[in-house]
Amino acid sequence: MYRRILAMTLAFFLVDIPLSAWPAGIPALGVVTQASAAHFNTARVSAGATVYDGDRLSTESEGLLQFRGAGSLLYLPGRSGVTLHRLPNGTQAHLGTGGLVFSSARASAMEILANDAFIRPAADVPTVAQVTLVGPKELQITARRGALEFSYHSETENIAEGASYRIFLDPADPPFRSSQNQPIKEPGRRRKGFWILIIGGMGWATVWAAHEALESPDRP
């Protein structure tokens, strides 16, 4: 599976699809650059499909999908789904199921909405991150490259580069317990609406290895 994902990723970067090639006057968000066992709204999707505001992209259990927008890249692993919306200078991906990996060259180019929380690059630097839905009130975020800005309701917190974080939304009590697979490395910082706990270094090593090239979304 790893070799398959890596091969498809490399093939994506060998086939450049310039955004300027889209028809003038049509407000497209981007294009699907690779797809396997994936869907575009209710139909099967293949590479080259143009994506518009409000379109939904999803993958089956063994599927994958790559989307390219202006200044950003998005990867969906299996059993994941997003609905894409237009922002003034980029794209918002509303994560409904599963998880995603995104890469952005500008802070305004990509914004993730997950469980009513917003995740976006903290600055105009190359940024790569992974966001996964753990439950209706729980997220896992890995900041692979570049810092992130996390917002929930009226509160905002910066997420530093180089670690994985478990975020609990509207917690009634501090989540001090840890499991064998998610050891808490240090206490989280309490906010009115959420807890952020550092749970370790980079997770999902296979996904990151396969998508190392996502660090340069504007590469020629």
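Is E149 buried, partly exposed or exposed? In this predicted model, E149 has a relative accessibility of 26% and therefore counts as partly exposed. Its side chain meets that of R120 in a salt bridge, with an N to O distance of 2.8 Å, and this pair links distant parts of the chain, since E149 lies in strand β13 and R120 in strand β10 (residues 117-121), 29 residues apart. E111, R120 and E149 are linked in a network of salt bridges.

## Other salt bridges

The count of salt bridges comes to five, including one between the side chains of K137 and D170 at 2.7 Å, N to O. K137 is in the loop between β11 (127-135) and β12, whereas D170 is in the loop between β15 (164-169) and β16 (186-190); K137 is partly exposed at 41%, and D170 is partly exposed at 38%.

Another salt bridge joins the side chains of E60 and R44 at 3.0 Å, N to O. E60 is partly exposed, with 30% relative accessibility, while R44 is exposed, with a relative accessible area of 57%.

The structure holds one aromatic pair: the ring centres of F150 and F194 are 5.0 Å apart and their planes stand at 75°, so the pair is edge-to-face. Because F150 lies in strand β13 (residues 148-152) and F194 in strand β17 (residues 194-200), the pair ties together parts that are 44 residues apart in sequence. F150 is buried at 0%, and F194 is likewise buried at 0%.

L139, placed in strand β12 (residues 138-145), is buried with a relative accessible area of 0%, and the residues it touches include F150, Y165 and I167.

Note on methods:
Residues are numbered from 1 along each chain as its sequence is written. This is a predicted model: local features need pLDDT of at least 70, side-chain atom pairs count only at pLDDT 80 or more; totals for chains, interfaces and linings use all residues. Side-chain values use heavy atoms; hydrogens and water are left out. Rings of Phe, Tyr and Trp (its six-membered ring) pair if their centres lie within 6.5 Å; planes under 30 degrees apart count as stacked, over 60 as edge-to-face and the rest as tilted. Helices (H or I, at least four residues) and strands (E, at least two) are DSSP runs, numbered from the N terminus. Buried means under 20% relative accessible area, exposed over 50%, partly exposed in between (1.4 Å probe, protein chains only). Contact means heavy atoms within 4.5 Å. A salt bridge is a side-chain nitrogen of Lys or Arg within 4 Å of a carboxyl oxygen of Asp or Glu. Lists of a residue's contacts leave out its neighbours within four places in sequence.
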